[in-house]
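Work through the exercises below with the model open. Try each task before you read its solution.

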Amino acid sequence: MGGVDLSQFLAEGENSSADGDNGVVGKLEMNSMRVNRANPLPENWTIEKSENLYRIQGWGEPYFSINAAGHVTVSPKGDRGGSLDLYELVNALRQRNLSLPLLIRFSDILEHRIERLNACFAKAIARYNYPGGYRGVFPVKCNQQRHLVEDLVRFGKPYQFGLEAGSKPELMIALAMLDTPGSLLICNGYKDREYIETAMLAQRLGQTPMIVLEQIEEVQLVVEASRALGIEPFLGVRAKLSSKGTGRWGDSSGDRAKFGLTIPEIIQVVDQLRDANMLGCLQLLHYHIGSQISSISVIKDAILEASKIYVELAQLGASMKYLDVGGGLGVDYDGSQTNFHASKNYNLQNYANDIVAEVKEACQERHVPVPVLISESGRAIASHQSVLIFDVLSTSDVPTDLPAPIEEEEHQIIRNLWETYKSISVENYQEAFHDATQFKEEALSRFNFGYLTITQRARAEQLYWVCCKKILEIARQQDYVPDDLEDLEKIMASIYYVNLSVFQSAPDSWAIDQLFPIMPIHQLDREPTERCILADLTCDSDGKIDQFIDLRDVKPVLELHPLKPGEPYYLGLFLAGAYQEILGNLHNLFGDTNAVHIHLTPKGYQIEHVVKGDTMTEVLSYVQYDAEDLVESIRRRAELALVEKRITIQESQRLLQNYERSLSRYTYLSW
Ligand SMILES: *Cc1c(COP(=O)(O)O)cnc(C)c1O
């Protein structure tokens, strides 16, 4: 009851004390009940409550937080000062005619991530007196956008940070973009003769392309190309570890994994290279046990096995120099610091420490010089830098207005529902839920048999929702919610229609149920009173988000603020910088979103690049429609309709103008 001013009721009670004690008490109760319903408790919502609710410190530190105005702020340089108000930034970008949905990339965050990864390895190397170095690479597949790869190469220069290519087109990118002396270019993926020759010839340009053998057949191609070109290549082998990954990408390791060589195959490679007098070219051991490894014990098992293989290869006569631990470094999407799939139970420093310590021990045991360590961390570098901002277009709620009182002559089923509604209390709310559900189902089947009119069915359904609402209000007050009531939140959730395509902007949310933190970027000083699921613009029932991060497991609804007419409501989807852009697809022909690159300056920020999203003409061209042909077809039909007097000249002009204008527009909704 905190904060409710009871004095006016007491005063009223005192005035009517002549009615006797009972009257006073009765009146007081009645009044306070009325107040509770019509005029909810004054808000004592705080920004801290929003922080806890959306867990922003868990997943957002040190980049995202909430300011006193209740807006999300971004500190792109981490704790090293300088922050900007995300809500104001979005307003400023909208004034520059950049419509939502809008992808905002903070290049300083990218720089900070690279610095942190390198700093953690440097610290671990110092701590364990590791006599080797660390030279990371960025796997291009994680985000191939040119501006981002350019930034990465630039920010990585002080650390000789390189690139990893997993396909021929990615090799084309890496070869042309990487110009850091001494950095590595790791060549993974399936390779043909052309791939191998190109990589080898790049040595002549001063690059260090490491050709990682993933298939036995590649050995012969490499030997032949080397002879033909007279180039001694830098070679690596990718091992299929038998230590099992866990989680979603757990199958990337193990004996039946798609990539890499089994131990007998690695021995075969060594023999073939020795026969070709090329064993000296073999310098690198690589493995990749999958992405988003949430448990540190899995990482430890893998590095243990890999260091043993490394040492053995050195003793077999290969000129081993590098150990490449692949990707897998996780991102804490739900901020729970657990081994849940959307989280990880270790930090960057633990990761670096364990790798460095394990490799050193394995090498020292067998008196083998330690390798230069390489990691191919993609997700951990690219996720944080981009935020997708989108707006809510409208909402839909289940109707929970109390219907007019039920008359004697109403259908029995309706009267049953009404009785159930009246009886709901803390003592029986679970039972009442089952009763209400059963009556509603009965109503439905009677309707289908023709015994209930559509008006009666409407009344029955309305009563059912009203029951659910009352039961949910009681259930929310309880410490423990019985399992069978867990769906109630989902049943009663508001649907918020958002200006976005899940398939284009968060495809992993649809494809593999990946969780991303989602929250409003303003109004955070106010209580989000609605419980919602998000529905996107596509006509696909999968185009929705109904799982949200939570401290324990996931929650089925997201707390949001009620929409205010005429006022935009902005949501942010965070940590979306890895994989989503390239996996995004054109379902329903919603195209690429607008994207901007923001760089923090001493005076504020600077918009470095604006990458306009697809227009309708562009997406239509991807499916082989020519905009001019389409316009011509509409024009011809309008002419015909004019001749046949089915359309006026004004109408036909209006139609054509709309049609042509649309073609040059963004594929998302604007207002
Ligand atoms: C995908 C991939 C990576 C990147 O993995 P993350 O988990 O994003 O760090 C690294 N190496 C290889 C070989 C990959 O296939």
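A polar contact is a pair of N or O atoms within 3.5 Å; within protein, one must be able to donate a hydrogen and the other to accept it, and residues adjacent in sequence count only if both atoms are side-chain atoms. This is a predicted model: local features need pLDDT of at least 70, side-chain atom pairs count only at pLDDT 80 or more, and totals for chains, interfaces and linings use all residues. Residues are numbered from 1 along each chain as its sequence is written, and side-chain values use heavy atoms, with hydrogens and water left out.

**Exercise 1. Which residues of helix H9 are buried?**

Step 1. Go to residues 193-202: Tyr195, Ile196, Ala199, Met200 and Ala202 are buried.

Step 2. Look down the axis. These residues span an arc of only 155°, which puts them on the same side of H9. The arc is taken from the directions from the helix axis to the C-beta atoms.

Step 3. Find the cover, which includes helix H8 (168-177), strand S8 (208-213) and helix H10 (217-229).

**Exercise 2. Which residues have the most contacts inside the largest nonpolar core?**

Step 1. Apply the rule: a nonpolar core is a set of buried Ala, Val, Leu, Ile, Met, Phe, Trp, Tyr and Cys residues joined through side-chain atoms within 4.5 Å.

Step 2. The largest has 89 residues, and Phe138, Leu282 and Leu285 have the most contacts inside it. Helix H12 (residues 296-315) gives the most to this core, with 10 residues.

**Exercise 3. Which polar atoms of Lys141, Gly328 and Arg379 lie by the ligand?**

Step 1. Lys141 places a polar side-chain atom 2.6 Å from a ligand oxygen atom.

Step 2. Gly328 has a polar backbone atom 2.9 Å from an oxygen atom of the ligand. For Arg379, a polar backbone atom is also 2.9 Å from a ligand oxygen.

Methods: Buried < 20%, exposed > 50% of the residue type's maximum accessible area, 1.4 Å probe, protein only. Helix = DSSP H or I, 4+ residues; strand = E, 2+ residues; numbered from the N terminus. Contact = heavy atoms within 4.5 Å.
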